[in-house]
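Please look over the sequence and the model shown below before reading on.

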Amino acid sequence: VLAQTLGISRTQLRDALAVLEQEGFITRRHGVGTLINRHVLKVPVRMDIEEELLDMIRSSGYEAALAYVHTRDTVPDEEMLQRVDLSPDTPILRIDRLYTADGRPAIYCVDFIDKSIIQTSYTQRDLEQPIFHFLQEICGVSAYMDLTDLRPVVADESLSRLLNIPVGSPLLRMYEVDYDVSGRLAFCSLQYFADGFFNHTVLRKKL
């Protein structure tokens, strides 16, 4: 009945329900049925689900905007070399973005892309699109999964100026390494989240 209502096949419906179950939105139990986890639906920001940063800001109830985007050519820094298998002289495109919530700086993000995967020329408009759009349209790469290191840090003078907060203010730092479905490096991303904007929730299930 549900497949007919949605105008899709039973196979498509089963696949969609499997994704919803994997992400914790529903629970399926033999002999019980399919249950909607309404408490999960109420969570605005899930750290265990990949979400574009502008959408994350909107989900938290703010007006989201990209304040600026800057690019420059560089090579892997020491931290990147420790996390991924690249040569120290690998040409890297660095993309710096500052996102605001209700006009206030909320997220500072630095994306690092191996220039060898860039397949076509790009414009400023392309750089202003979500990083996953840039990867797919300009690089022909789709990010499939990531490994992310999370840690609390405090703002130094540079981050203080960028985020318009006092030196020493608490920040959540995330270093994300994304891979495509074949396990090839897609990009690295360093993100700083200002305090007071987001409640980051992680859903964990018993296996």
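## A proline in a loop

Leaving out neighbours within four places in sequence, P76 is in contact (heavy atoms within 4.5 Å) with L81, L86, S87, P88, T90 and I92. P76 belongs to the loop that runs between β3 (64–74) and α5 (78–83), and with a relative accessibility of 8% this proline counts as buried, a term that means under 20% relative accessible area, with exposed over 50% and partly exposed in between (1.4 Å probe, protein chains only). One of its contacts, L86, is 10 residues away in sequence, and the C-alpha atoms of the two are 7.7 Å apart in space.

## The model and the chain

This is a predicted model, in which local features need pLDDT of at least 70 and side-chain atom pairs count only at pLDDT 80 or more, whereas totals for chains, interfaces and linings use all residues. Residues are numbered from 1 along each chain as its sequence is written, and side-chain values use heavy atoms, with hydrogens and water left out.

The mean pLDDT (the predictor's confidence in each residue, from 0 to 100) of the chain is 91, and 97% of the residues reach 70 or more. Among the elements, helix α3 (residues 38–41) has the lowest mean pLDDT, 78, while β4 has the highest, 98. Where pLDDT is low, the predicted coordinates should not be read in detail.

The chain has 8 helices and 8 strands, which are DSSP runs numbered from the N terminus (helices H or I, at least four residues; strands E, at least two). Of its 207 residues, 39% are buried, and of the contacts between residues at least 6 apart in sequence, 51% join residues at least 24 apart.

## Two nonpolar cores

A nonpolar core is a set of buried Ala, Val, Leu, Ile, Met, Phe, Trp, Tyr and Cys residues joined through side-chain atoms within 4.5 Å. The largest one has 36 residues, and those with the most contacts inside it are I57, M80, I107, F112, L171, C188 and F198. Two or more residues of this core come from each of α4 (53–59), β4 (92–101), β5 (104–114), α8 (157–163), β7 (170–179) and β8 (185–194). A second, separate core has 14 residues, among them L93, I113, L127 and L135.

## Aromatic rings

The whole structure holds 6 aromatic pairs; rings of Phe, Tyr and Trp (its six-membered ring) pair if their centres lie within 6.5 Å, and planes under 30 degrees apart count as stacked, over 60 as edge-to-face and the rest as tilted. Y108 and Y192 are stacked, because their ring centres are 6.4 Å apart and their planes stand at 15°. This pair links distant parts of the chain, since Y108 is in strand β5 and Y192 in strand β8, 84 residues apart, and both tyrosines are buried.

F197 and F198 form a tilted pair, 6.1 Å centre to centre with 45° between the planes, and both are buried. Together with Y62 and F193, these two phenylalanines form one aromatic cluster.

## One face of helix α7

In helix α7 (residues 131–139), the residues I131, F134, L135, I138 and C139 are buried. Seen down the axis of α7, its buried residues fall within an arc of 105° (taken from the directions from the helix axis to the C-beta atoms), so they line one face of the helix. The elements that cover these residues include β4, β5, α6 (124–128) and β8. Just after α7, G140 takes a positive phi of about 70°.
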